[in-house]
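The sequence and structure are shown first.

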Amino acid sequence: MLDRRTLLTTALSLGAMELFPGLSYAQARPLVFATFTGSWEEAHKAVLVPAFRKETGNAPIVLDPMLSVDQIAKVSAAKANPPIDVMLHDPGPALTALAQDLVEPYPVERSAAFKELIPDAQDPHGPAAFFQVVGLTYNPDTVKTPPTSWADLWRPEYKGRVGITNMNSTLGTGFMVEIAKMHGGSESNIDPAFKAMEKLKPNLSAVAANPGALATLFQQGQVDISPGNFNAIQILKAKGVPVEFVAPKEGAIAFKTLIQIVKNSPNRELAFKLIEAAISEPVQTRLMQAPYLVVPTNTRVKMTGEIARVLAKDTDDLKKKFVFQDWKTINAQRPAWIERFNREIKL
């Protein structure tokens, strides 16, 4: 059965082919951007898509929200005629996409915005469009004493009220690595985290498929405390959901997220223009503001408001305060860890 997004993509493509009979289906289809689920899709639909359309004469674009592992699987299965033009990846999946030869080099020499990025964001295989920060999230109406440590998730008063994501997401894997470190493990050994998770099971209410689904559980009142993305929580707060974010004393996890042009995309030029918009000062300035509160990578965007108050005054401050994990080491064993997690961590 065709889903709504596939039908929309097909309809737009057929319309273009009717107007321009010489176009193939691949050439005619709209730009497909595989953003993330939940708050990221909301933010990109509200801010990035209008900016892209303004710069391209209202070029057609489809957002296809999914986890990075699913993006890679889709593109790998159809390398010659990929169904996605632009991928969004956290550090681990970005390395995987590069290793599998799935991305085009970014045309840095043509880019107006690339040179405005912080050095850490200037990746020639696709710039980092923003930072993400993962800490503890909780419902202040039901959790009267704010948590201070990852270890608080194991407290008996949270029986049946804790939410986590599976390890397909960077949030889930990053969380497991930090739990491993707390019990003597490391980026290359998370056996201690699996042992700790067995003890967490009585407290678990849900293992969400992705961070967006985890945020929805807060909205539905199914969980009271969890690891969570800073910006996803801010969007929930803007909707009136009682939820707060706190950095654990062990250090919140921070990582950059890269945006890449898919190799063999029939829409390379539009893909380039979308990424240019994503890393531009105007788009990053708007995304940094409420309700999205996305941490920018463009040096011309000054961190203000809730980001400056809760997270960091600038990117140098961010790098000093938060934990940046070794994703090259993590990637070597991550597929096996995901399989083990899906097998062992069941409710």
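A residue is called buried here when its relative accessible area is under 20%, and partly exposed when that area lies between this limit and 50%. In this predicted model, Phe130 has a relative accessible area of 3% and is therefore buried under that cut-off.

The aromatic pairs come to a count of 6. In one of them, Trp40 and Phe130 have ring centres 4.4 Å apart and planes at 10°, so this pair is stacked. Trp40 belongs to helix α3 (residues 39–55) and Phe130 to strand β4 (residues 128–138), and the pair thus links distant parts of the chain, 90 residues apart. Trp40, at 6% relative accessibility, is likewise counted as buried.

The pair of Phe131 and Phe324 is edge-to-face, with 6.2 Å from centre to centre and 85° between the planes. Because Phe131 lies in strand β4 whereas Phe324 lies in the loop between α13 (315–321) and α14 (327–344), the pair ties together parts that are 193 residues apart in sequence. Phe131 is buried, its relative accessible area being 3%, while Phe324 is partly exposed, with a value of 36%.

Ring pairs also join Tyr106, Phe114 and Phe272 into a cluster. Which charged end sits over the ring of Phe272? It is that of Arg110, and the table sets this contact beside another of its kind.

| Charged residue | Ring | Distance to ring centre |
|---|---|---|
| Arg110 | Phe272 | 4.4 Å |
| Arg340 | Phe194 | 4.0 Å |

Technical notes:
Residues numbered from 1 in each chain as written. Predicted model: local features only at pLDDT ≥ 70, side-chain atom pairs only at ≥ 80, totals over all residues. Heavy atoms only, no water. Phe/Tyr/Trp six-rings, centres within 6.5 Å; stacked < 30°, edge-to-face > 60°. Helix = DSSP H or I, 4+ residues; strand = E, 2+ residues; numbered from the N terminus. Buried < 20%, exposed > 50% of the residue type's maximum accessible area, 1.4 Å probe, protein only. Lys NZ or Arg CZ within 6 Å of the ring centre and 35° of its normal.
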